[in-house]
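Work through the exercises below with the sequence and the model side by side. Each task is followed by a solution that goes step by step.

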Amino acid sequence: MEVTITNDGTKTRAVLKGRVDTTTVEGFQKDIVPLMEGENPDIELDCSDLDYTSSQGLRIFLMLQKSVIARGGKMVMANMKSQVKEVFDITGFSNIIKII
Amino acid sequence: MKKRYEPVDGRNAEIIEDVVSFAQMSGVTQDLLFKIRLCVEEVEENILCYSGTTWVDVEVGVKGGCFTVTFKDGGIHFDPLGNNDPDIAAPLDERGIGGLGILICKKMMDSVEYRFEHGCNIFTMSKRLF
């Protein structure tokens, strides 16, 4: 699992690549720590190359979303593959995280 | 395929890959492969978290047009289907993560069953191939 984070001064973009599963979730949680900092964050998670997430990954996305909202920011997940989107849909996560 | 994993601790990834390899050899679609991988991971995580078992038997097969995976373990009596499903319509601040894995299995598989037999937890899930 790879996370590449860039910031253009107004918006933070994180490109997620690979699978969030039982073997990668711990590293993923560490990799997104920079997204858990700062006020009024505007975050886009590019999910073009996110191939898979289990419920352990959902836990991280939920934690991040709650953190962003608590800091007065907003977060979107973009370009999600259909199979990954299905995981968000059937768990109701599509209702609490904006997916574009 | 039938295989015992003992000790089972730390072998979640190995179990997933074994089942996925069997599924690939059985010619399942990429979409179904994704679902099988995910559901095996979720069930295994549940077993390892709650049953405290030292071993798991995993049996995989295709029968009657269904791909079926059965997990048997010797841990404490634990019915993963015994709890209510999480409220997926709850607002963000009320959402937790408990029960999501089993919910995913229920929705992605065609059937999930649990029984406690001869001191063992037995969980079976299956999906129609066509």
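**Exercise 1.** Of the contacts in chain B with a separation of 6 or more, what percentage is accounted for by residues 24 or more positions apart?

*Solution.* Begin with the conventions: this is a predicted model, in which local features need pLDDT of at least 70 and side-chain atom pairs count only at pLDDT 80 or more, while totals for chains, interfaces and linings use all residues. Residues are numbered from 1 along each chain as its sequence is written, and chains are lettered from A and ligands numbered from 1 in the order in which they are written. Two residues are in contact if their C-beta atoms, placed from the backbone, lie within 7 Å. Counted in this way, residues 24 or more positions apart make up 64% of those contacts in chain B.

**Exercise 2.** Describe the make-up and overall dimensions of chain B.

*Solution.* Helices (H or I, at least four residues) and strands (E, at least two) are DSSP runs, numbered from the N terminus. Chain B has three helices and five strands, which follow one another from the N terminus as β-α-α-β-β-α-β-β. Its radius of gyration, taken over C-alpha atoms, is 15 Å, close to the 14 Å that the globule rule (2.2 Å times the number of residues to the power 0.38) gives for 130 residues, so chain B is as compact as a globular protein of that length. The C-alpha trace spans about 45 × 35 × 25 Å along its principal axes.

**Exercise 3.** Work out how helix H1 (residues 12-25) of chain B is placed.

*Solution.* First take its length: the 14 residues of H1(B) reach 20 Å from first C-alpha to last, close to the expected 20 Å, where the expected span is 1.5 Å times one less than the number of residues. Next sort its residues, calling a residue buried if 20 or more other C-beta atoms lie within 10 Å of its own, exposed if 12 or fewer, and partly exposed in between, with C-beta atoms placed from the backbone. Asn12(B), Ile15(B), Ile16(B), Val19(B) and Ala23(B) are buried. They cover an arc (of the directions from the helix axis to the C-beta atoms) of only 100°, which puts them on the same side of H1(B). On the face turned away from that side are the exposed residues Glu14(B), Glu17(B), Ser21(B), Gln24(B) and Met25(B). Finally, the cover over the buried residues includes strand S1 (2-5), helix H2 (30-50), strand S2 (56-63) and strand S3 (66-73) of chain B. Just after H1(B), Gly27(B) has a positive phi of about 80°.

**Exercise 4.** Is Leu129(B) buried, exposed or partly exposed?

*Solution.* Locate Leu129(B) in the segment after strand S5 (120-128) of chain B. Because 15 C-beta neighbours lie inside 10 Å, Leu129(B) counts as partly exposed. Setting aside neighbours within four places in sequence, its contacts are Val28(B), Val62(B), Gly65(B), Cys66(B) and Phe67(B).

**Exercise 5.** Which helix of chain B gives the most residues to the side that touches chain A?

*Solution.* Start from the totals, in which 18 residues of chain B are in contact with 19 residues of chain A. H1, H2 and helix H3 (100-108) of chain B each supply at least two residues of that side of chain B, and H2(B) gives the most, with six residues.
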